[in-house]
Amino acid sequence: MQFAYGGSQDAGNADALVNELGLTGLQFTNIWNGCATGGSSLNAAYTAIKSGEYDLGVVVGFDKHPRGAFNPKPAEWGLDDWYGEAGMMLTTQFFAMKTQRYMHDHGITNDALVRVAEKAFHNGSLTPTAWRRQALSYDEIASSMMVSDPLRKYMFCSPAEGGAALILCDAKIAKRYTSNPIYLSAAAVRTRHYGSFEVFSPSQPMQVADAPTVTASKAAFELAGLGPEDIDVLQLQDTDSGTEIIHMAENGFCEHGDQEKLLRDGATRIDGSLPINTDGGCLANGEPVGASGLRQVHEICVQLRGDGGARQVPGNPKVGYTHVYGAPGISGVNILTV
Amino acid sequence: MTQQIPIQDGLFTWPSAQPELLGSRCDHCGEASFPSQPDCRNCGSRETSVVPIGSRGTLWTWTIQSFMPKDPYRSDETPETFTPYGVGYVEMPGGVRVESRLQLPEGEKPEIGMSLDLVIEPFRTEEDGTQIMMFSFKPTEE
Ligand SMILES: [Zn+2]
């Protein structure tokens, strides 16, 4: 290895790893970018190799969070204390309010929210490394405790523990290390514009702008020379059921409002036309913030190599897509090919 | 007499018989922000003015906070006395959507588009008896 990028929110600096693994003197840069930490670490490695500075390195992310919802401090996000004291600084509230408005604007119903969670836990039950490995029935999800209207207990991911690592090298030398390399065709990270509806915002402008997910997605497709129709398997940030639904359209995989029918028809299941979060996503794997974005990429590698076992997408998928979204308005998108 | 101080200076006119929220408006592009800020997020101008942004608005989106938040939440409640509260974004006549707690009649769900009025009420009481005043919105009473 020549370099490392790594990230963790609550489990210490990522480069503390080298105390366990052995000291080498190589460049190790800690990356911290909210829920987009994994995506940002991968992006940094991608850029380092593309620049010609290095040709072989590792990206690592891990975390272990206290139980329950995240409790960020206002000062760390450029906000005054009153915002947290008054009980408005919760990511769960934001995702619920974005979902509430989206359902109102685009005719999405509770049925769609339940179906996303049902699929996630089913896929988790097929994934040996998942955190929640028990499938849940439609009724168990639909009658679970209301946490933040319209989102119920089993529609939210939980802060959890986990880790993931990826080895990247210059594509020209990949065959030296593996007989079946996966190519990173595009990596793009973008931040919020004026007018996009973001977490931790005491106010929102009246004018509406595209979410950072929309701009990151467009940039990645352009870089890869591909479009949504070329993607065989995808991972979308599913902090909660509503967010996966919104991200389907924000990433260009359907029109706003079409999700209701796609979910009812099972299109996003492993054997559907648009398989999403084949390992159960954040809902079944939990959310170790530093690791999640890299877990997504790992799952795409598994699928593109045909190693998915019981959760393998049929038809030899050739092109995969990953997407993360994090506070205070960052998105990272990767496109992978074989 | 009980002393009452705002949770933060500059969020609303206080004391006032008819309080209003205070935001800032950009002298160049006219965009409004809450709370007020010296720079404009839209055009980057450094010239903004503090302006009242109104006391009656309409609900743009909402949720119900059903569990008691952890620190930095600071109310007088305990897990035993905690009652779920509404949170929403309220479209203000000043041209900005403000995030606020919503005070709703017990068991009633808010509706997007409903009319809401600003209220300034005690949010918690400090050990010395000082009441910390906070803004929230209630359904408009016809
Ligand atoms: Zn301006």
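Let me begin with one residue, A:N13, which sits in the loop between β1 (3-7) and α1 (17-21) of chain A. Helices and strands here are DSSP runs, H or I of at least four residues for helices and E of at least two for strands, numbered from the N terminus. Before going on, the conventions. This is a predicted model, where local features need pLDDT of at least 70 and side-chain atom pairs count only at pLDDT 80 or more, while totals for chains, interfaces and linings use all residues. Residues are numbered from 1 along each chain as its sequence is written, chains are lettered from A and ligands numbered from 1 in the order in which they are written, and side-chain values use heavy atoms, with hydrogens and water left out.

Back to A:N13. The residue is exposed, with a relative accessible area of 53%. For these classes, buried is under 20% relative accessible area, exposed is over 50%, and partly exposed is in between, with a 1.4 Å probe and protein chains only. Leaving aside neighbours within four places in sequence, A:N13 is in contact with A:N30 and A:F62, contact being heavy atoms within 4.5 Å. From A:N13 to A:P328, 315 residues apart along the chain, the C-alpha separation is 21 Å.

For contrast, take A:E244, in helix α8 of chain A. A:E244 has a relative accessible area of 0% and is therefore buried. Beyond its neighbours within four places in sequence, A:E244 has contacts that include A:V116, A:K119, A:I276 and A:N277.

Next, salt bridges. The rule asks for a side-chain nitrogen of Lys or Arg within 4 Å of a carboxyl oxygen of Asp or Glu. Over all chains, the search of the whole structure gives 19 of them. One of these pairs A:K98 with A:E250, with the closest N and O atoms 3.1 Å apart. That pair links distant parts of the chain, since A:K98 is in helix α4 (residues 91-106) and A:E250 is in helix α8 (residues 241-250) of chain A, 152 residues apart. Both A:K98 and A:E250 are buried.

A second pair in chain A is A:D279 with A:R295, at 2.9 Å from N to O. Here A:D279 is in the loop between α9 (259-264) and α10 (281-285), and A:R295 is in helix α11 (residues 289-304), 16 residues apart. Are these two buried or exposed? A:D279 has 2% relative accessibility, so it counts as buried. A:R295, at 12%, counts as buried too.

Now the interface. The area buried between the two chains is about 3,500 Å², with carbon and sulfur atoms giving 57%. Buried area here is the accessible area, with a 1.4 Å probe, that two parts lose on being put together, summed over both. B:K70, B:R97 and B:E99 supply 16% of the area that chain B buries against chain A, more than any other three residues.

There are 3 salt bridges across this interface. In one of them, the side chains of A:E85 and B:R124 meet at 3.0 Å, N to O. B:R124 also forms a salt bridge with B:E126, the closest N and O atoms being 3.2 Å apart. B:R124 is buried at 5% relative accessibility, whereas B:E126 is partly exposed at 26%. A:E85, B:R74, B:R124 and B:E126 are linked in a network of salt bridges.

The chains also pair through strands. Strand β8 (residues 203-205) of chain A and β7(B) run antiparallel and are joined by 3 bridges; two strands pair if DSSP finds at least two bridges between them. Which residue of β7(B) is the bridge partner of A:S203? The partner is B:V98.

Last, a sheet within chain B. 3 strands form an open sheet in the order β3-β2-β4, with antiparallel pairing. β3 and β4 (48-54) stand at the edges, each with a single partner strand, so one side of each is left without a neighbour in the sheet. Strand β2 (residues 21-26) is joined to β4(B) by 6 bridges, and the partner of B:L21 in β4(B) is B:G54.
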